[in-house]
Amino acid sequence: MSVSSKGSCLCGEVAYRITGNVGIFQYCHCSRCRKFTGSAHASNLFVSPDQFAWLQGEQLVGYYSPDNTKYFATSFCKQCGSSLPWLSKSGKVVVIPAGTLDEPPGITPIQNIFCASKAEWYVPPSELPEYDELPPS
């Protein structure tokens, strides 16, 4: 699906735009994604490098690439610590943390990956009560 969407970090100093056809939108439950997001899974979109551009604050983008990984790396805002898009080690895809998008991407997740290593405490959201704000005391 062809999209044009902007994203940013929590402090707003780093911003980016994605355009074109988003390839995949998925949840990743691997231990690396859990560690980086501090959550049960990462929610990532993939775009080709030519469909991604920094709009501002690129000098504030930190990058971490573990030696023992084939594809995984991470980027973050050096000022506020927010996750940010990162170029995979293969150089073929930019991974967009969906939570950093400021506008809906026009697609929804299509799959869960690395479920064999998902957190033992993970409970699917559909099995939990929902509240529009803080739950009642």
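Buried means under 20% relative accessible area, exposed means over 50%, and partly exposed lies in between (1.4 Å probe, protein chains only). The model shown is predicted, so that local features need pLDDT of at least 70 and side-chain atom pairs count only at pLDDT 80 or more, while totals for chains, interfaces and linings use all residues. Residues are numbered from 1 along each chain as its sequence is written, and side-chain values use heavy atoms, with hydrogens and water left out.

View 1. The structure holds 0 disulfides, a disulfide being a pair of cysteine sulfur atoms within 2.5 Å. Cys-30 takes part in none, and the nearest cysteine sulfur, that of Cys-28, is 3.6 Å away. Cys-30 is buried because its relative accessibility is 13%. For Cys-33, the closest cysteine sulfur is also in Cys-28, at 3.7 Å, which is too far for a bond. Cys-33 has 7% relative accessibility and therefore counts as buried.

View 2. His-29 lies in the loop between β3 (24-28) and α1 (31-37); helices (H or I, at least four residues) and strands (E, at least two) are DSSP runs, numbered from the N terminus. With a relative accessibility of 2%, His-29 is buried. Its side chain makes a polar contact with the side chain of Asn-112 at 2.8 Å. Such a contact is a pair of N or O atoms within 3.5 Å; within protein, one must be able to donate a hydrogen and the other to accept it, and residues adjacent in sequence count only if both atoms are side-chain atoms. Not counting residues up to four places away in sequence, His-29 touches residues including Arg-34, His-41, Phe-114 and Tyr-122, where contact means heavy atoms within 4.5 Å.

**View 3. The five-stranded open sheet.** The strand order is β9-β10-β4-β3-β11, with mixed pairing; two strands pair if DSSP finds at least two bridges between them. Strands β9 (86-87) and β11 (111-113) stand at the edges with a single partner strand each, so one side of each has no neighbour in the sheet. Strands β4 (residues 42-47) and β10 (residues 94-97) run antiparallel and are joined by 4 bridges. Phe-46 stands opposite Val-95 in β10.

**View 4. The largest nonpolar core.** This core has 12 residues, among them Val-3, Ile-18, Phe-25, Leu-45, Val-94 and Leu-101. A nonpolar core is a set of buried Ala, Val, Leu, Ile, Met, Phe, Trp, Tyr and Cys residues joined through side-chain atoms within 4.5 Å. The elements giving two or more residues to it are β2 (15-21), β4 and β10. A second, separate core of 8 residues includes Cys-28, Cys-33, Ala-73 and Trp-86.

**View 5. The aromatic cluster.** Ring pairs link Tyr-16, Phe-52 and Trp-54 into a cluster. Rings of Phe, Tyr and Trp (its six-membered ring) pair if their centres lie within 6.5 Å; planes under 30 degrees apart count as stacked, over 60 as edge-to-face and the rest as tilted. By this rule the count comes to 3 aromatic pairs. The rings of Tyr-16 and Trp-54 form an edge-to-face pair, because their centres are 6.3 Å apart and their planes lie at 85 degrees. This pair links distant parts of the chain, with Tyr-16 in strand β2 and Trp-54 in strand β5 (residues 52-56), 38 residues apart. Tyr-16 is buried at 0%, whereas Trp-54 is partly exposed at 24% relative accessibility.
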